[in-house]
2 protein chains.
Amino acid sequence: MLTLYSQQDSGNCYKPRLLLAQLGRPFRIVDVSTNDGSTRQPAFLEKNPIGKVPLLELDDGRRLAESGAILLHLAEGTPYLPADPFERAKAYEWLFFEQYSHEPAVAVRRSLLRYPERAGEADEVRLAKLLDAGNRALSVMERRVTDADWLAGSAYSVADIALYAYTHMACSGGFDLSLYPAIEAWLARVAAQPGHVPLDWRPPGS
Amino acid sequence: MLTLYSQQDSGNCYKPRLLLAQLGRPFRIVDVSTNDGSTRQPAFLEKNPIGKVPLLELDDGRRLAESGAILLHLAEGTPYLPADPFERAKAYEWLFFEQYSHEPAVAVRRSLLRYPERAGEADEVRLAKLLDAGNRALSVMERRVTDADWLAGSAYSVADIALYAYTHMACSGGFDLSLYPAIEAWLARVAAQPGHVPLDWRPPGS
């Protein structure tokens, strides 16, 4: 069975949980937290030298890090990755956009506001910069989903899963999603997809 | 013919130039710079709402942003993307690692030190944090290329191209590569690959 090293309230870890649920693939969870330093312990670094979750472990013990890589690997050959080469490339584009321009603002601002152990990093200047950067990223998304139902191509895909993760909790980072009506409608479309599960869902027995 | 909107001294833009050269695919360059604000002008934002280079424009006018997405799109079906699904997933992993953990430290520190217009952002605390983060990323690479010739799988791939771009110029960001002998040997292997071109190379006629 697949094993996912996962932090329950992390959007990055939610992405593979959501895709695995929608694929109907059984997996078990091993809980690891970045907040208590356990991803920086030698035992975990031995599994993932990058020191981050999520980490996917295959039946044969091989391991894969990076939420975007895990999504692409699990989605290959399924309807969750566009079959058309250019539409697939647009899914790649959204996955990299999420990791470079969206997550470091939208998710990091939430993290600074949410976790007491990070409060020392949350000065006003930094919070203001993150708000600007996050709103720029949300504006890019708003433009796309004003014209189209889904981020990449004409169907729901890993691009939507990747961007849904932190966008649907952006309010806890201080972002006002009422400024983005097309994003709000897209969030509702994603949540209405067959097999959708919320952030706090865990696979049976895990 | 393919068009690449590109900034010549940007490692992110070097990645697709290097792959296109090695694939022997003709393309033309349109020079755009992030430093003079031209990626934030309406005319460019119309082409790429993310406001960044590189941007690839296909013959039919469709456009693709994000260096990692461009690499994957161009490499599909070629020897530069592993055919084995797990090795391919490891290439994805390195591409996301580069954009999340390597480029924001190694490339950004270089940028702060190199471009006079960014000097105001280059305070001591920030430079020290970037040095730490960059050295963590380089240590992850060092560990891999101590045990293996290439980053993903058993052959040179887009993973090596993506990490080569800013690693080979890390010294200009104040990183001491002599601390990473396996990386230095790997850099030499990458530079010895057939069809390798340096950062300042441009396609004929461009």
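Modeller: Two residues are in contact if their C-beta atoms, placed from the backbone, lie within 7 Å. Keep in mind that this is a predicted model. Start with the meeting of the two chains. Chain B gives 23 residues to the contact, and chain A gives 23 residues. On chain B, β4 (63-65), α3 (67-75), α4 (85-114) and α5 (124-147) each supply at least two residues of the side that touches chain A. The largest share, 10 residues, comes from α4(B). By class, this side of chain B has 14 nonpolar, four polar and five charged residues.

Now the helix itself. Helix α1 of chain B covers residues 11-23 and has 13 residues. From its first C-alpha to its last, α1(B) reaches 18 Å, close to the 18 Å expected at 1.5 Å a residue. Of its 13 residues, 11 are buried, so α1(B) is largely enclosed by the rest of the structure. Among the buried residues are G11(B), Y14(B), R17(B) and Q22(B). Their cover includes β1 (2-6), β2 (27-31), β3 (55-57), α3, α4 and α6 (158-167) of chain B.

Take α3(B) from that cover. The axes of α1(B) and α3(B) come within 9 Å and cross at roughly 10°. Angles under 35 degrees count as roughly parallel, so α1(B) is roughly parallel to α3(B). On the α1(B) side, the contact is made by N12(B), K15(B), P16(B), L19(B), L20(B) and L23(B). On the α3(B) side, S67(B), I70(B), L71(B), L74(B) and A75(B) make it. These residues divide into eight nonpolar, two polar and one charged.

Last, the end of the helix. Just after α1(B), G24(B) takes a positive phi of about 70°.

Methods
Residues numbered from 1 in each chain as written. Chains lettered and ligands numbered in written order. Predicted model: local features only at pLDDT ≥ 70, side-chain atom pairs only at ≥ 80, totals over all residues. Helix = DSSP H or I, 4+ residues; strand = E, 2+ residues; numbered from the N terminus. Nonpolar A, V, L, I, M, F, W, Y, C, P; charged D, E, K, R; others polar. Expected span 1.5 Å × (residues − 1). Buried ≥ 20, exposed ≤ 12 C-beta atoms within 10 Å, placed from the backbone. Axes fitted to C-alpha atoms, helices over the stretch in contact; angles between N-to-C directions. Parallel < 35°, antiparallel > 145°, perpendicular 65-115°, else oblique.
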